[in-house]
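Trainee: I would like to go through this model step by step. Please show it, and I will ask as we go.

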Amino acid sequence: MGDSSSSAGSASDPKPTDPSMYIIPGPYRWDVLRKRTQSAYISQRVWNTEHVNRLKTRRGRPQGGPPTGAIPEVVTDYLTQAGFIHVARMRHIQIDAPLISALVERWRPETHTFHMTQGEMTITLQDVADILGLPTDDIVVSRSTSEDWPAVCVAVFGAQPLASEFHHSGDLRISFLDHLYNRWTDHAGDHDREIYFTKAHIARMLGCWLLTDKSGGSNIGCRLVPLLGGGFDEVGRFSWGSAVLAHFFRNLYECTDVGRSDMGGCHILLKI
């Protein structure tokens, strides 16, 4: 990161030491990389041997297929077109919260890398593609604004949420998608319902564990719903993998703050 002979910045910055024995929570040269003072980073508390709370990893219910077990063939075809078939076939993976906490302590937001004794490491788009099988190129995922959200839900999911199924933040509660998701067998063979079910399933995967926020997979941003409104080929043209990685990087950045205790995002990217 720099010449160890360079002077440290302020009194709160750790003194340079033998890098073969310790992980220094910041660069040797403090004028090179610095988004905020080192005292705001969780790594400073680790350096000072202060107590650090274990992060709570927020995600929803276990991922996986429909309640009946195997994904119906017609739904499999739709999920394949949309680029979500690999995600849909993944089963629940237990997240190691202490491991996530330890890695966050070594994350530097300035470079988007983990600073380890053997060097810097990071998560790449290729990792996302290999682990999740999501598309990582073509159209950027951008959120819509100023929509009639109940009408959008009718167009995308074939049902209108109740007022109580919208969170006060404006997000859509996953419980609405659960209702559609759990009634799959009631509409088997209905072409339109199969499309609605598949889109609800994709939205559920996004909200529960791919793009989770601090709600713990209880909500999905309504601004993502219109992106599912086209055909499944159109849905598959969005760079969902890039969105998942960017969202996770943002959560990593926020969790380096000493005051943060909850972490959203797709934690499986650090588990595998």
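Trainee: What percentage of the residues count as buried?
Mentor: The cut-off for buried is under 20% relative accessible area. The protein chain has 272 residues. Those that count as buried make up 47%.

Trainee: How many helices and strands does the protein chain have, and what share of its contacts join residues at least 24 apart?
Mentor: The secondary structure comes to 11 helices and seven strands.

Trainee: Over which residues does pLDDT fall under 50?
Mentor: The chain averages a pLDDT of 79, and 74% of the residues score at least 70. One stretch below 50 has 18 contacts in the model beyond near neighbours in sequence, and that is residues 1-12. Where pLDDT is low, the predicted coordinates should not be read in detail. Another stretch, with 24 contacts beyond four places in sequence, is residues 62-68.

Trainee: Which residue in S3 is the bridge partner of Trp107?
Mentor: S2 and strand S3 (residues 113-116) run antiparallel and are joined by two bridges. In S3, the partner of Trp107 is Phe114.

Trainee: Why do the buried residues of H4 line one face of the helix?
Mentor: In helix H4 (residues 97-104), the buried residues are Ala97, Ile100, Ser101, Leu103 and Val104. Viewed down the axis of H4, they line one face because they fall within an arc of 165°.

Trainee: How far from Cys153 is the nearest cysteine sulfur?
Mentor: The structure holds zero disulfides. A disulfide needs two cysteine sulfur atoms within 2.5 Å. For Cys153, which is in no disulfide, the nearest cysteine sulfur is that of Cys222, at 5.7 Å.

Trainee: Are Cys153 and Cys255 buried or exposed?
Mentor: Cys153 has a relative accessible area of 1%, and Cys255 has 0% relative accessibility. Since buried means under 20%, Cys153 is buried, and Cys255 also counts as buried.

How values were computed
Residues are numbered from 1 along each chain as its sequence is written. This is a predicted model: local features need pLDDT of at least 70, side-chain atom pairs count only at pLDDT 80 or more; totals for chains, interfaces and linings use all residues. Side-chain values use heavy atoms; hydrogens and water are left out. Two strands pair if DSSP finds at least two bridges between them. Helices (H or I, at least four residues) and strands (E, at least two) are DSSP runs, numbered from the N terminus. pLDDT is the predictor's confidence in each residue, from 0 to 100. Contact means heavy atoms within 4.5 Å. Buried means under 20% relative accessible area, exposed over 50%, partly exposed in between (1.4 Å probe, protein chains only). The arc is that of the directions from the helix axis to the C-beta atoms.
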